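Me: Can you walk me through this one? I'd like the overall layout, then a single residue.

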Amino acid sequence: MKEIGDRVKDRMLEIQPKGFKYVVLTQVNENLGQGGRADMVCHWEDTDTVAQEVYVNDSLICICIALAIRSF
């Protein structure tokens, strides 16, 4: 999980190194047929953004959420 989160954050810093605070949340669970999902509702400034990716295979479920929050 740490490696995935670090790689996502490093890539975000390559794209836009200044002006944002970056938060990356990563979760990996064993897939026992339960399904996986990530939802959120946020009320932010127009310049803030979020991206999420869910990866599922027969053995695991990985959810990664990346937030870019404008810092003034």
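Reply: Terms to start with: helices (H or I, at least four residues) and strands (E, at least two) are DSSP runs, numbered from the N terminus. The model is predicted, so local features need pLDDT of at least 70, side-chain atom pairs count only at pLDDT 80 or more, and totals for chains, interfaces and linings use all residues. Residues are numbered from 1 along each chain as its sequence is written, and side-chain values use heavy atoms, with hydrogens and water left out.

Me: What pattern does the protein follow along the sequence?

Reply: The order is α-β-β-β, from 1 helix and 3 strands.

Me: How much of the protein counts as buried?

Reply: Of its 72 residues, 22% are buried, meaning under 20% relative accessible area (1.4 Å probe, protein chains only).

Me: New topic. Where is N31 found?

Reply: N31 sits in the loop between β1 (20-30) and β2 (49-56).

Me: Is N31 buried or exposed?

Reply: N31 is buried, because its relative accessible area is 18%.

Me: Which backbone atoms does the N31 side chain reach?

Reply: The N31 side chain reaches the backbone nitrogen of G33 at 2.9 Å and the backbone oxygen of N57 at 2.7 Å.

Me: And which residues does N31 touch, leaving out those up to four places away in sequence?

Reply: V56, N57, D58, S59, L60 and I61. Contact here means heavy atoms within 4.5 Å.

Me: Back to the whole protein: what share of the contacts with a separation of 6 or more comes from residues 24 or more positions apart?

Reply: Those residues account for 63% of them.

Note on methods. Buried means under 20% relative accessible area, exposed over 50%, partly exposed in between (1.4 Å probe, protein chains only). A polar contact is a pair of N or O atoms within 3.5 Å; within protein, one must be able to donate a hydrogen and the other to accept it, and residues adjacent in sequence count only if both atoms are side-chain atoms.
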